[in-house]
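Please look over the sequence and the structure shown here before reading on.

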Amino acid sequence: MTEIHVGDIISAKKKHPCGSDEWIVLRAGADIRLRCAGCGHLLMLPRAKVDGMIRHIRTPE
């Protein structure tokens, strides 16, 4: 299980239809709320699904 915190930026394996592959974490728990960094689309997924889509996690300074 990956450590995911609010404010982290997740780079996904696949791109969103808008062309961006980065997601901003808005809520972390059993379900994770994400916002697309490109178009602002909101998404809520179970933690297991998010763990499978992660390529890289950046923590903002």
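## Surface and charge

In this predicted model, the accessible surface of the protein comes to about 3900 Å², and carbon and sulfur atoms account for 53% of that area. Of the 61 residues of the protein, 30% count as buried.

As for charge, the protein carries 10 positive and 7 negative side chains, and a distance of 8 Å lies between the centres of the two sets.

## Fold and overall dimensions

The protein is built from five strands and one helix, which follow one another along the sequence in the pattern β-β-β-β-α-β. The radius of gyration of the protein is 10 Å, close to the 10 Å given by the globule rule for 61 residues, so the protein is as compact as a globular protein of that length.

Among the contacts in the protein with a separation of 6 or more, 34% are made by residues 24 or more positions apart.

Ser11 has its place in strand E1, which covers residues 9-12. With a relative accessible area of 11%, Ser11 is buried, because that value falls under the 20% cut-off for a buried residue.

When neighbours within four places in sequence are left aside, Ser11 is in contact with Asp21 and Glu22, and also with Met53, Ile54, Arg55 and His56.

Methods. Residues are numbered from 1 along each chain as its sequence is written. This is a predicted model: local features need pLDDT of at least 70, side-chain atom pairs count only at pLDDT 80 or more; totals for chains, interfaces and linings use all residues. Side-chain values use heavy atoms; hydrogens and water are left out. Helices (H or I, at least four residues) and strands (E, at least two) are DSSP runs, numbered from the N terminus. The radius of gyration is taken over C-alpha atoms; the globule rule is 2.2 Å times the number of residues to the power 0.38. Buried means under 20% relative accessible area, exposed over 50%, partly exposed in between (1.4 Å probe, protein chains only). Contact means heavy atoms within 4.5 Å. Accessible areas come from the Shrake-Rupley method with a 1.4 Å probe; for residues, only the protein chains shown count as cover. Lys and Arg count as positive and Asp and Glu as negative; His and the chain ends are not counted. The place of a charge is taken as NZ of Lys, CZ of Arg, CG of Asp or CD of Glu.
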